[in-house]
There are 2 protein chains.
Amino acid sequence: MIQTLIEKIKKTGAPIVVGLDPMLNYLPKHIQKKAFAEYGETLEGAAEAVWQYNKGLVDAVYDLIPAVKPQIAMYEQFGLEGIRAFKRTVDYCKEKGLVVIGDIKRGDIGSTAIAYAEGHLGKVSVGQNAFYGFGEDFVTVNPYLGSDGVKPFIEVCQKEKKGLFILVKTSNPSSGEFQDRLVDGRPLYELVGEKVAEWGSECMGEDYSYIGAVVGATYPEQGKILRKIMPKTFILVPGYGAQGGKGADLVHFFNEDGLGAIVNSSRGIIAAYKQEKYASYGEEGYADAARAAVLDMKEDIAGALAAR
Amino acid sequence: MIQTLIEKIKKTGAPIVVGLDPMLNYLPKHIQKKAFAEYGETLEGAAEAVWQYNKGLVDAVYDLIPAVKPQIAMYEQFGLEGIRAFKRTVDYCKEKGLVVIGDIKRGDIGSTAIAYAEGHLGKVSVGQNAFYGFGEDFVTVNPYLGSDGVKPFIEVCQKEKKGLFILVKTSNPSSGEFQDRLVDGRPLYELVGEKVAEWGSECMGEDYSYIGAVVGATYPEQGKILRKIMPKTFILVPGYGAQGGKGADLVHFFNEDGLGAIVNSSRGIIAAYKQEKYASYGEEGYADAARAAVLDMKEDIAGALAAR
């Protein structure tokens, strides 16, 4: 799957993933109104609105980008109905040829980790049959539990040709509380990065491993160091746009081949119509605003990479 | 909710939580056969079998214990149908008066963490209405992202009178890879424990905080130290029984008031009928075997606490 991702990045020229993180207050009123008229102001109504919003976004941008990253929390908050909207979104994105990165940040051990991995990436056996639960292509994983928490995911990836992005240095302000603490004179995130490189070394595609890392755009200096520690690791970079990261901050996350990183933007794309810059599209034009924002982001990153 | 948990522990005399982690291979054949006859060897059939198995277990043990801890991965592996069985299990356990600890080990930041917290502990707003998504009483949380990942959960707990158990030192063999690394001469899990105590200090019930910790039974020496670092913190202790922890290992997790810890057993209870000790119950008697195993576990812990 890492090869598919890389090919799609090359084809689109856009090392970009759109975060499908639908907060209800991002959703244009006409979408909410229609869903609530049909299903009431209920969990079912919210889930329907989220799904219609996502469908409009995907239809508007799928030809420009290699991948999407639905954040499962934004669906899980609506309970079972929300999870149904997550599944519909994953299925639809795959139909449209997009690589789907499930931002699930799961982390557990042994048989529990296998259950997560089979449910999200692989197949679960039921009697003589086997079924995909959610069927994403990649998922994000939390490393706090160590190898016991990661290896079961890796095993499923090896079998299913899927991939992971393991949290190394997250984009949030307090990520340093534990991740930056010095161990033998070096921050913990470097040790985690080394482990990711080690786990990934046995999971190689052609030039890159399918065991990737998450490093926030908001920490460009750390990104530069981690790029060197994990030369064969694809880095998923959140924090662009709304969280403060800019194109120029991103260059060190990429290798000299122009690959090795994929940058996420969520709010900055899917709620672009709320920004002054794209206000002329109006609420009804939210999907076109998202398309314009993707094109601008592509140009920003390409410009920064060309200028380095 | 911490007061409710403490009262139930006192009333039952059992600082025990039963882990409802239904692997399909734990399920007696008669349960699988019936569910598959009705729904086929499908995700729906698996989910129905899991639910019937859980119902039998809960009916057999609910009067002996204060709480259950369903591990959501074991449901999530069956996709949407599995999640439905999770919700049914949570609802049924609450009907039976049990405290429900959702073992979800989520961890994310800002609005995403709020979404998880509202979905699992609190209510999500949809227009003029608000709904519980899953409605657990406590959830487990991963601290790798720092305060940004924990505080949104705490806010929802304060509003809803719910609680957390934050991973500090996990029970698995490789938990030391990152958690034991020395920071200023002290293992990382001690720093995490200090943070848990700090976060919890503003979230007090009567004697204990509703911000708890997870510390594995398999690390009794670390438990002893963490007990001192977090004197007001309730500790959820996994790893008893099948993972190797014994009653005697547990005494240091408790305070002198005999409180402060709740010990989880999953496989050792719910699949007790597979052990030689309880084999006479047979597969059909799996629920009675579970009841016997709970009584034995209660005696083991009480004996160890009396002997200290």
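Predicted model: local features only at pLDDT ≥ 70, side-chain atom pairs only at ≥ 80, totals over all residues.

Residues are numbered from 1 along each chain as its sequence is written, chains are lettered from A and ligands numbered from 1 in the order in which they are written, and side-chain values use heavy atoms, with hydrogens and water left out.

**Stop 1: A:E48 and A:R88**

Select these two and show their side chains. They meet in a salt bridge, with N to O at 3.6 Å. (A salt bridge is a side-chain nitrogen of Lys or Arg within 4 Å of a carboxyl oxygen of Asp or Glu.) A:E48 sits in helix α3 (residues 43-61) and A:R88 in helix α5 (residues 79-95), 40 residues apart. Helices here are DSSP runs of H or I with at least four residues, strands are runs of E with at least two, and both are numbered from the N terminus.

(Buried means under 20% relative accessible area, exposed over 50%, and partly exposed in between, using a 1.4 Å probe and protein chains only.)

**Stop 2: A:D296 and A:K277**

Next, pick this pair, whose closest N and O atoms are 3.4 Å apart in a salt bridge. A:D296 belongs to helix α13 (residues 286-307), and A:K277 to the loop between α12 (267-270) and α13. A:D296 is partly exposed at 29%, and A:K277 is exposed at 59%.

**Stop 3: B:D180 and B:K169**

Now move to chain B, where a salt bridge brings N and O of these residues to 2.8 Å. B:D180 is in the loop between α8 (176-179) and β8 (182-183) and B:K169 in strand β7 (residues 163-169), so the bridge ties together parts 11 residues apart in sequence. B:K169 is buried at 0%, while B:D180 is partly exposed at 28%.

**Stop 4: a network**

Select A:K69, A:D103, A:K105 and B:D108 together: salt bridges with shared partners join them into one network. Over all chains, the count is 36 salt bridges.

**Stop 5: B:Q32**

Finish in helix α2 (residues 29-39) of chain B, where you will find B:Q32. This residue is buried, at 18%. Its side chain reaches the backbone oxygen of B:L27 at 3.1 Å. Beyond neighbours within four places in sequence, B:Q32 is in contact (heavy atoms within 4.5 Å) with B:L24, B:L27 and B:A49.

Key. Polar contact = N/O pair within 3.5 Å; in protein donor to acceptor, adjacent residues only side chain to side chain.
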